[in-house]
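This report covers helix packing and the nonpolar core. The sequence and structure come first.

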Amino acid sequence: MAYTTNDVKTIFNVAPETVRNWAREFSHYLSATANPEVGRTRLFSDDDLKVLDLVNKMRNENKSYEEIHAVLATGQRGTGSSFSPEEVRALIGG
């Protein structure tokens, strides 16, 4: 499944700029479509959402990017989203 920046911002209740910043900062742990070429739409996979879920949780605990990188490097991930992209878009629209 593919989630857009708008989907991700809704899931994690963050600004679109935050999603883009996280995608750049943690690009090593994300799919290539999370950081596409200029002019292309940013798309996040289910695995990407697991990474971003962990990032979001750790940032809410005031952890630094360095601490988050260290945890991600061990292979730890979050749970991702319980919503499909279509369900997220229905929530946004409705």
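## H1 against H3

The crossing of H1 and H3 is right-handed, meaning that the near helix is turned clockwise from the far one by less than a right angle. The model is predicted: local features need pLDDT of at least 70 and side-chain atom pairs pLDDT 80 or more, while totals for chains, interfaces and linings use all residues. Residues are numbered from 1 along each chain as its sequence is written, and side-chain values use heavy atoms, without hydrogens and water.

Helix H1 (residues 5-12) packs on helix H3 (residues 46-60) at about 40 degrees, with the axes 11 Å apart. Val8, Ile11 and Phe12 of H1 meet Leu49, Leu52, Asp53 and Asn56 of H3 (contact: heavy atoms within 4.5 Å). Five of these contact residues are nonpolar, one is polar and one is charged.

## H1 against H2

H1 and H2 pack at about 105 degrees, with axes 9 Å apart, so H1 is roughly perpendicular to H2 (65 to 115 degrees). Thr5, Val8 and Lys9 of H1 touch Pro16, Val19 and Arg20 of H2.

## The core

The largest nonpolar core has 21 residues, and Val8, Phe26, Phe44, Leu52, Val55 and Leu72 touch the most other members. Such a core joins buried residues through side-chain atoms within 4.5 Å, buried being under 20% relative accessible area with a 1.4 Å probe. H1, H2 (16-25), H3 and H4 (65-73) each give two or more residues to this core; H3 gives the most, six.

Not counting residues up to four places away in sequence, Val8 touches Tyr3, Val19, Phe44, Leu49 and Leu52.

How values were computed:
Axes are lines fitted to C-alpha atoms, for helices over the stretch in contact, and angles run from 0 to 180 degrees between N-to-C directions. Helices (H or I, at least four residues) and strands (E, at least two) are DSSP runs, numbered from the N terminus. Ala, Val, Leu, Ile, Met, Phe, Trp, Tyr, Cys and Pro count as nonpolar, Asp, Glu, Lys and Arg as charged, and the others, Gly among them, as polar. Buried means under 20% relative accessible area, exposed over 50%, partly exposed in between (1.4 Å probe, protein chains only). Angles under 35 degrees count as roughly parallel, over 145 as roughly antiparallel, 65 to 115 as roughly perpendicular and the rest as oblique.
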